[in-house]
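Welcome! Take a moment to look over the sequence and the 3D view, and then we can walk through them together.

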Amino acid sequence: MKTRRGTAKKERWNVAVLRARQEGLAERLAGSFGGIHPAVVFVVTMLAGLALIALLSIGLGFFITRVLEPAWGIGAADERVNVWLAAHRTSTRTDASLVGSIVAGGVVLPIIVGSIGVVLALLRKWLIAAFAVFALGVESATYRATTLVVHSHRPRVARLENLPVNASYPSGHTAAAIAVYGGLALLLTSIFTSRVFRAFAWGIVLAMVTFVALARMYRGMHHPLDVGGGVAVGIAALVVLVFACRITGAAADTGNDASASLGGQG
């Protein structure tokens with residue numbers, strides 16, 4: 001009975017989305033690290049992914065701000081959305097938009113991921129903890145790198161926050177909401193596979209991200225295209241972390257197999 005309980009508990013923490021597929025790309029790449037500590041494998045893979053998505057985000061930002069908006073006339077339509085939202089502000093909506101900003105802001109999200117990371121570390125679930133914590137880290141670093149290079153003016157309406165005027169693209173709050181709340185849903189729906197639970201979890205994430213995106217546009221901080229860029233950054237951060245965890249897990253398994261083989265030969 002004890003063995004069965006232990007096995008059930010272990011299976012509960014066996015997050016399928018973070019496991020490399022047999023003979024898949026992650027498993028093949030893991031073999032190229034040849035005996036390197038899994039923690040190093042994780043850091044190297046994560047940083048490589050971060051560099052890639054930062055370059056892609058910067059490239060997309062230049063395309064939107066220098067080609068799509070001025071040449072195709074989309075910039076004017078983008079601006080009209082913010083003008084309409086600003087014209088329909090009320091005290092109740094403004095209070096709601098503040099909540100939408102706070103739940104995806106630089107205070108709440110670090111507390112959430114930090115708490116989750118500590119709990120998982122105490123349970124010695126290192127790979128899951130790394131996913132939960134560094135998804136936000138990769139998203140944040142990509143956002144910072146993009147805003148340093150791509151200078152996009154915020155909507156020309158009365159803004160409800162005092163932030164740099166030329167850092168409109170992309171929406172960091174939207175990206176962070178996807179990286180954190182989407183990442184948690186990804187983990188939970190991988191553990192609890194009920195269709196009802198999955199529909200509920202992803203429905204909550206979709207509602208949360210939509211709420212945050214609308215709040216940022218309502219407050220005059222981002223255009224719709226900025227929000228779209230934030231969605232892309234948030235999803236890309238999750239992809240990088242999933243892939244980094246898969247390679248790390250496969251590398252650890254390869255190392256364990258090699259140790260067991262050597263032990264058997266002794």
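What volume does the largest cavity have? The answer is about 60 Å³. Please keep in mind along the way that this is a predicted model.

## The overall picture

The protein chain holds ten helices and zero strands, so its elements, read from the N terminus on, run α-α-α-α-α-α-α-α-α-α under the numbering by DSSP runs. Along its principal axes, the C-alpha trace spans about 75 × 40 × 30 Å.

Of the 266 residues in the chain, 41% are buried. Among contacts between residues at least 6 apart in sequence, 80% join residues at least 24 apart.

## Around the cavity

Back to that cavity: the count comes to one of 30 Å³ or more. Its lining includes Ile112, Val113 and Ile116, along with Phe131, Ala132 and Ala135. Ala179, Val180, Gly183, Leu184 and Leu187 also line the cavity, as does Leu238.

Which helices each supply at least two residues of this lining? They are helix 6 (108-122), helix 7 (126-149) and helix 8 (172-191). Helix 8 gives the most, with five residues. By type, the lining residues divide into eleven nonpolar, one polar and no charged.

In soluble globular proteins, nonpolar side chains tend to be buried together. Here the largest nonpolar core has 37 residues, and those touching the most other members are Leu18, Phe42, Leu109, Phe131, Val138 and Leu241. Two or more residues of this core come from each of helix 3 (38-72), helix 6, helix 7, helix 8, helix 9 (195-218) and helix 10 (224-265). Helix 8 provides the largest share, eight residues. There is also a second, separate core of seven residues, with Ala26, Ala30, Ile247 and Ala250 among them.

Leaving aside its neighbours within four places in sequence, Leu109 is in contact with Val103, Ala104, Leu136, Ala176, Ala177, Val180 and Tyr181. One of these, Val180, also belongs to the cavity lining.

## A closer look at Asn82

Is Asn82 buried or exposed? Asn82 sits in helix 4 (residues 74-87), and it counts as buried because its relative accessibility is 0%, where the cut-off for buried is under 20%.

The side chain of Asn82 reaches the backbone oxygen of His222 at 2.8 Å. Apart from neighbours within four places in sequence, the contacts of Asn82 are Pro155, Val157, Met217, His222, His223 and Pro224.

Conventions. Residues numbered from 1 in each chain as written. Predicted model: local features only at pLDDT ≥ 70, side-chain atom pairs only at ≥ 80, totals over all residues. Heavy atoms only, no water. 1 Å grid on protein atoms, 1.4 Å probe; cavity = no way out; pocket = protein on both sides within 12 Å on 5 of 7 lines; lining within 4 Å. Points joined across faces, edges and corners; volume = space filled by probe spheres on them. Helix = DSSP H or I, 4+ residues; strand = E, 2+ residues; numbered from the N terminus. Nonpolar A, V, L, I, M, F, W, Y, C, P; charged D, E, K, R; others polar. Core = buried A, V, L, I, M, F, W, Y, C linked by side-chain atoms within 4.5 Å. Buried < 20%, exposed > 50% of the residue type's maximum accessible area, 1.4 Å probe, protein only. Contact = heavy atoms within 4.5 Å. Polar contact = N/O pair within 3.5 Å; in protein donor to acceptor, adjacent residues only side chain to side chain.
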